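Colleague: I would like to learn how to read a model of this kind, one feature at a time. Could we begin with the rings and then go on to the sheet and the helices?

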Amino acid sequence: MKHYEVLFILKPTLTEEEVSVKVDFIKEILTKNGALIETVVPMGTRKLAYKIKKYERGTYFVIYFKSPTSLIAELERVIRITEEVIRFLIVKYESKKEIAAWDRLSHGIKQSKKEIKALETPEIQ
């Protein structure tokens, strides 16, 4: 099982009830296809850097999960056809450093600037 995170932005016009239904829908897709959800992080409604589909704001969520690689294509397909999602990003964590960072992030432990810098610099092999 590989380590992943999916960040998605929902339309700001959705009610709290509709937002929770969409988050549950995405969680259901993950679990039905064999993923183990570690944590769901609601990041709130924020201003976007630029307009996306005429929206200036969006409601952000991040889900940390472990899953087989085959799930990612299905997850991407479903998110693309979900009208309420205005943008998404799926990140795969591969190296030992990245997996350690994933573990800390999924448990709500913030990283220091030194750790972030170490992840950004490429490893020489």
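Colleague: How many aromatic pairs does the count come to by the rule used here?

Modeller: Bear in mind that this is a predicted model. The count comes to three aromatic pairs. One of them joins tyrosine 4 and phenylalanine 65, with 5.6 Å from centre to centre and 20 degrees between the planes, and this pair is stacked.

Colleague: Which parts of the chain does that pair link?

Modeller: Tyrosine 4 belongs to strand S1 and phenylalanine 65 to strand S3, so the pair links distant parts of the chain, 61 residues apart. Tyrosine 4 and phenylalanine 65 are both buried.

Colleague: Why is the pair of phenylalanine 8 and phenylalanine 61 called stacked?

Modeller: Planes under 30 degrees apart count as stacked. The planes of phenylalanine 8 and phenylalanine 61 stand at 15 degrees, with the ring centres 5.7 Å apart, so this pair is stacked. Because phenylalanine 8 lies in strand S1 and phenylalanine 61 in strand S3, the pair ties together parts that are 53 residues apart in sequence.

Colleague: Over how many bridges do S1 and S3 pair?

Modeller: Strand S1 (residues 2-10) and strand S3 (residues 55-67) pair over nine bridges, in the antiparallel sense. Leucine 10 stands opposite threonine 59 in S3.

Colleague: What pattern does the protein follow along the sequence?

Modeller: The pattern reads β-α-β-β-α-β-α-α, and the secondary structure comes to four helices and four strands.

Colleague: Back to the rings: which charged residues sit over a ring?

Modeller: Lysine 22 lies over the face of phenylalanine 25, 5.1 Å from the ring centre. Arginine 46 has its charged end over the ring of tyrosine 60, at 5.9 Å from the centre.

Colleague: What should I look for in phi?

Modeller: Most residues other than glycine have a negative phi. Lysine 53 has a positive phi, near 50 degrees, and lysine 54 also has a positive value, near 70 degrees.

Colleague: Where is lysine 53 found, and is this residue buried or exposed?

Modeller: Lysine 53 is in the loop between S2 and S3. Exposed means a relative accessible area over 50%; lysine 53 has 56%, so it is exposed. Lysine 54 lies in the loop between S2 and S3 as well, and its 80% makes it exposed too.

Colleague: What share of the whole protein counts as buried?

Modeller: Of its 125 residues, 34% count as buried. The accessible surface comes to about 8300 Å², and 53% of that belongs to carbon and sulfur atoms.

Definitions and conventions: Residues numbered from 1 in each chain as written. Predicted model: local features only at pLDDT ≥ 70, side-chain atom pairs only at ≥ 80, totals over all residues. Heavy atoms only, no water. Pairing = 2+ DSSP bridges. Helix = DSSP H or I, 4+ residues; strand = E, 2+ residues; numbered from the N terminus. Phe/Tyr/Trp six-rings, centres within 6.5 Å; stacked < 30°, edge-to-face > 60°. Buried < 20%, exposed > 50% of the residue type's maximum accessible area, 1.4 Å probe, protein only. Lys NZ or Arg CZ within 6 Å of the ring centre and 35° of its normal. Areas by Shrake-Rupley, 256 points an atom, 1.4 Å probe, with all protein chains shown as cover.
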